[in-house]
Number of protein chains: 2
Amino acid sequence: MSKRRYEGEQTKKHIVDKAKILFSQKGYVSTSIQDICAATGCSKGNLYYHFKSKEDLFLCLAEQNFTEWSEQWEKISSEYESITEKLYAYGDFIADIERPLHSIEREFISTVGLDSEAGQKLFAIINISFEKFKKFMSEGIAAGELKNENLFELTFIVSSFYSGLSRYSNLMDKDARKALFHKATTLLLQGIGTRNEK
Amino acid sequence: MSKRRYEGEQTKKHIVDKAKILFSQKGYVSTSIQDICAATGCSKGNLYYHFKSKEDLFLCLAEQNFTEWSEQWEKISSEYESITEKLYAYGDFIADIERPLHSIEREFISTVGLDSEAGQKLFAIINISFEKFKKFMSEGIAAGELKNENLFELTFIVSSFYSGLSRYSNLMDKDARKALFHKATTLLLQGIGTRNEK
DNA sequence: TTTATTAGACCGAACGGTCTGTTTATAAGG
DNA sequence: CCTTATAAACAGACCGTTCGGTCTAATAAA
């Protein structure tokens, strides 16, 4: 039972990985099951053996994406001392991701409906990562490195900032992206940092 | 010949207006021609009498959107003196738009292909507005109100900033959005303004 | 034999787009 | 002033294609 099971897990993972790339490239609706089958080399029947629907596949993949993001985040957080350094590292990290999935999350929600089961599931996943980011921001405030603004607003603005950047910079090559994110972080920090008041 | 012509223009405008809302709500691919027909009350034949394809309709609507945006922009620019005031007014203006179309532009391009005729047309439209924004930024630098950063990078970062914000805040009500954009502009300016150096 | 896996023919629905036919306001001719 | 020709404006049946999803049969490890 073990070798077969292992192979099954492998194909499942393979499908998730390829689908993530396709979804990020073409969007949720425009990426068809057939596209994913062609990219993975597996059959439609096989795909539907592992995932019960297209929505299910996307949610699996979103969750995996979130988990990876979360682990990276913890790693960055532990490697640097100051919030400033962490923020630069964060910028560098997301500049490094060539196909961010969060561009597609909105499309998914508006397609399946915010109130649907799938919509709520994705919303929950997004919310967890937002809360993590919020906690991170609050530490920055507590440490006196960030201005003592309304926590929700501050988190929202900063995360939107990076999301917007990564969304619109995906045509650049990686080096240009990294440089851009570095500059962006500098500009952001000089606004947020307490060193420069009013 | 005049009344009929007038009516034709009216329906065309009506289709564009409704389609703009639908596209911004549901995305380009997810909005079907039938959806637009149902929303406008016009028939499919009529729609295809006025527009030669779905792409053509979207491009018309994008161009109209750009024109309106441009006019508003000129108005704001002329009403205020300092770049700071203009930036607040700009934030207020785009917070007021409940369904920004620029969330969909990327989807359109990735659907039709960047190298396709339609993709290039939209790209040109976007570029023009980006150039306008760049010119605006350069005036801010020349006036000494904005830091003398690389003009392209600065423009890119600032416009991404507002795009990201409007993209992720469209679930809020208008007042909350305006407050958020005001706060965001403040944070942005304190990073960009020359008053607070290093 | 049993059971996890894989393949692909197949289905109804919905898609963008076409085609043919009908209505209607205007211009011309008597 | 009335008729008739014309073209703009509109309606909706229809077409080929593709979509997400199902189902049955085959395969191969245990």
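Search the whole structure and you find 24 salt bridges over all chains, where a salt bridge is a side-chain nitrogen of Lys or Arg within 4 Å of a carboxyl oxygen of Asp or Glu. Side chains of opposite charge can pair when their charged atoms come close. Bear in mind that this is a predicted model: local features need pLDDT of at least 70, side-chain atom pairs count only at pLDDT 80 or more, and totals for chains, interfaces and linings use all residues. Side-chain values use heavy atoms, with hydrogens and water left out, residues are numbered from 1 along each chain as its sequence is written, and chains are lettered from A and ligands numbered from 1 in the order in which they are written.

Start with A:Lys20, which forms a salt bridge with A:Glu68 at 3.3 Å between the closest N and O atoms. A:Lys20 sits in helix H1 of chain A and A:Glu68 in helix H4 (residues 54-79) of chain A, so this pair ties together parts that are 48 residues apart in sequence. Helices here are DSSP runs (H or I, at least four residues), numbered from the N terminus. A:Lys20 counts as buried, because its relative accessibility is 17%, while A:Glu68, at 36%, counts as partly exposed. The cut-offs are under 20% relative accessible area for buried, over 50% for exposed and partly exposed in between (1.4 Å probe, protein chains only).

Now for a pair within one helix. A:Lys135 and A:Glu139 meet in a salt bridge of 3.4 Å, N to O; both lie in helix H7 (residues 117-142) of chain A, 4 residues apart, or about one turn of the helix. A:Lys135 is exposed at 54% relative accessibility, and A:Glu139 is partly exposed at 35%. In chain B, B:Lys135 and B:Glu139 form a salt bridge too, with 3.4 Å between the closest N and O atoms. Elsewhere in chain A, salt bridges link A:Asp92, A:Asp96, A:Lys174 and A:Lys178 in a network.

Next, the two chains together. The same surface serves both copies, as 100% of the contact residues of chain A recur in chain B. In all, 38 residues of chain A are in contact with 39 residues of chain B, contact meaning heavy atoms within 4.5 Å.

Between them the chains bury about 3600 Å², 61% of it on carbon and sulfur atoms; that is the accessible area (1.4 Å probe) the two parts lose on being put together, summed over both. Across this interface the rule finds 4 salt bridges. On the chain A side, the elements giving two or more residues are helix H1 (2-26), helix H6 (102-112), H8 and helix H9 (174-192). H8(A) gives the largest share, 12 residues. One salt bridge joins B:Lys183 to A:Glu153 (2.6 Å, N to O).

Finally, look at A:Arg167 in helix H8 (residues 151-168) of chain A.
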